[in-house]
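Here's a quick tour of the structure you're about to see. Keep the picture open while you read, and look up each spot as we reach it.

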There are 2 protein chains.
Amino acid sequence: MKAMYFDTLNELDTEVKILAAAKTVFIRKGLDGATMQEIADEAHISRTSLHYYFRNKDKLFEIIFSESLNKLTPKFNMIIDMPVPLFKKIEFFVENYLNILIENPSLPSLIVHELSRNPQSIVDILKTKGIKLDKLMIQIEIEKMQGALSDFSITQFITNIISLCVFPFLVKPLLDDFLFDNDSGQFDRFLEQRKKIISDMIIASIKK
Amino acid sequence: MKAMYFDTLNELDTEVKILAAAKTVFIRKGLDGATMQEIADEAHISRTSLHYYFRNKDKLFEIIFSESLNKLTPKFNMIIDMPVPLFKKIEFFVENYLNILIENPSLPSLIVHELSRNPQSIVDILKTKGIKLDKLMIQIEIEKMQGALSDFSITQFITNIISLCVFPFLVKPLLDDFLFDNDSGQFDRFLEQRKKIISDMIIASIKK
DNA sequence: TATATTTTTGACAACTTTGTCAAACACATT
DNA sequence: AATGTGTTTGACAAAGTTGTCAAAAATATA
């Protein structure tokens, strides 16, 4: 059994401390750029201790990555499952998706980076999480037949909505510098504005 | 002076061969993941030769990266400088930008990856290339006053157009698997369709 | 206090990667 | 053929990274 510590406010559980440190470093350097030493330093423990908790770098990365994805997919499915018309669902989705991303702003970079390093691993992980795209497609087909929607391409539609939500997080440093004069508050306000802008654009693009 | 070779069709100039190989490897593995050995293998030369042509890995990367960006910025400025109304300019931009990306489909991944590894380097490089965003903003202000445009946010507008063009390239493996049934031709057709879809969406979002 | 269990660490060996050197090689000119 | 220039290579040393081990330290239990 684990030894019991009298945790002070700074002395978090070591595993948690490691996971936080590793996430920071992996986002900063990518899987290849990060070293176990740097992660250990970031967590203020010895590298040997790090190995004691997580056998090796790949394992550690996989855990962090999978854990991060778990924040996304359940919410996706929850929204898809809601019994509301598509337009309403779009508003919900954009609002919620952006909120998740605001809380995990470096998640997109992590995913995109790993995607170019090892596409199949991401595809596999996502498949086990099982996003119910089919269900969404069926709803769209039904509403199309009912006459509220134009005959748009579902593929383009999905790509559009994700693009508009995610992309700003991928290029935040560029936006900060070229559009926001390096004023950190501006990005947040920009995202708040963006919720309505994205919904409006998407809905306009599929309305009959 | 360089020795003259009787180039056969396969025997390209070594420097060119190296740059192509390095680009391939850097895109596959990122700067950190790539090794000089792997690049040398990809170019079918010895690692020592590789060092002879390009002193070290960082230098090599910088050259490739800068060269890649050079494909983008001149065209951006050319389009900004065209004496046509904004709507027309948008169509031109989307068409041209997507064409450049189609020819350099892994450029976005390279940029985004480097952006999270070392944001300032990208910002600096882009600043030396000098994209004339100001000029575009002025045109928009003028057309707004003339009454053809709604009072939209220029920042959101720029983000939208870039997001919609670039994002699909960043997640191509996901699209291929989840939307295109791993049929490689579908992505290309998808992008052709997309040219008009993006223009239409953007224009609709700023029209009065 | 004595004992058992968990956690942490320093030291080590194996391996990879990098960058340099001097020597070998290929080709062109004389 | 001899010389010179540019190119390629094998061998090397230096540095960094990884993962393991046995021993020490910290903590819990008897």
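## Briefing: loops, rings and a helix crossing

B:D181 is exposed, with a relative accessible area of 64% (exposed means over 50%, buried means under 20%, and partly exposed is in between, using a 1.4 Å probe and protein chains only). This is a predicted model, where local features need pLDDT of at least 70, side-chain atom pairs count only at pLDDT 80 or more, and totals for chains, interfaces and linings use all residues. Residues are numbered from 1 along each chain as its sequence is written, chains are lettered from A and ligands numbered from 1 in the order in which they are written, and side-chain values use heavy atoms, with hydrogens and water left out.

- (Helices, H or I with at least four residues, and strands, E with at least two, are DSSP runs numbered from the N terminus.)
- The phi of B:D181 is positive, near 50°, in a residue other than glycine.
- B:H44 isn't a glycine either, yet has a positive phi of about 60°.
- You'll find B:H44 in the loop between α2 (36-43) and α3 (47-53) of chain B, and at 71% relative accessibility B:H44 counts as exposed.
- Over in chain A, α2(A) is followed by A:H44, which has a positive phi near 60°.

**Where the two α9 helices cross**

- Helix α9 (residues 154-170) of chain A packs against helix α9 (residues 154-170) of chain B at an angle of about 100°, and their axes are 8 Å apart. (Axes are lines fitted to C-alpha atoms, for helices over the stretch in contact, and angles run from 0 to 180 degrees between N-to-C directions.)
- That angle is why α9(A) and α9(B) are roughly perpendicular to each other (65 to 115 degrees counts as roughly perpendicular, under 35 as roughly parallel, over 145 as roughly antiparallel, and the rest as oblique).
- The residues in this contact split into 12 nonpolar, 6 polar and no charged. (Ala, Val, Leu, Ile, Met, Phe, Trp, Tyr, Cys and Pro count as nonpolar, Asp, Glu, Lys and Arg as charged, and the others, Gly among them, as polar.)
- On the chain A side, the residues that meet α9(B) include A:I162, A:V166 and A:F167, while B:I162, B:V166 and B:F167 are among those on the chain B side. (Contact means heavy atoms within 4.5 Å.)

**Aromatic rings**

- How many aromatic pairs are there over all chains? The count comes to 22. (Rings of Phe, Tyr and Trp, the last by its six-membered ring, pair if their centres lie within 6.5 Å; planes under 30 degrees apart count as stacked, over 60 as edge-to-face and the rest as tilted.)
- One of the pairs is A:F76 with A:Y97, which is edge-to-face, at 5.0 Å centre to centre and 85° between the planes.
- A:F76 lies in helix α4 (residues 57-81) of chain A and A:Y97 in helix α5 (residues 86-103) of chain A, so this pair ties together parts that are 21 residues apart in sequence.
- A:F76 counts as buried at 13% relative accessibility, and A:Y97 is buried too, at 7%.
- A:F152 and A:F157 make a tilted pair, 5.4 Å centre to centre with 55° between the planes, and both are buried.
- A:F169, A:F180, A:F187 and A:F190 gather in one aromatic cluster.

**Charges over rings**

- In chain B, the charged end of B:K144 sits over the ring of B:F152, 4.7 Å from its centre. (That takes NZ of Lys or CZ of Arg within 6 Å of the ring centre and within 35 degrees of the ring normal.)
- The charged end of B:K172 does likewise over the ring of B:F187, 4.9 Å from its centre.

**Buried spots in chain A**

- In helix α2 (residues 36-43) of chain A, the buried residues include A:M36, A:I39 and A:A43.
- The buried residues of α2(A) pack against α1 (14-33), α3 (47-53) and α4 of chain A.
- A:N104, in the loop between α5 and α6 (107-117) of chain A, counts as buried at 10% relative accessibility.
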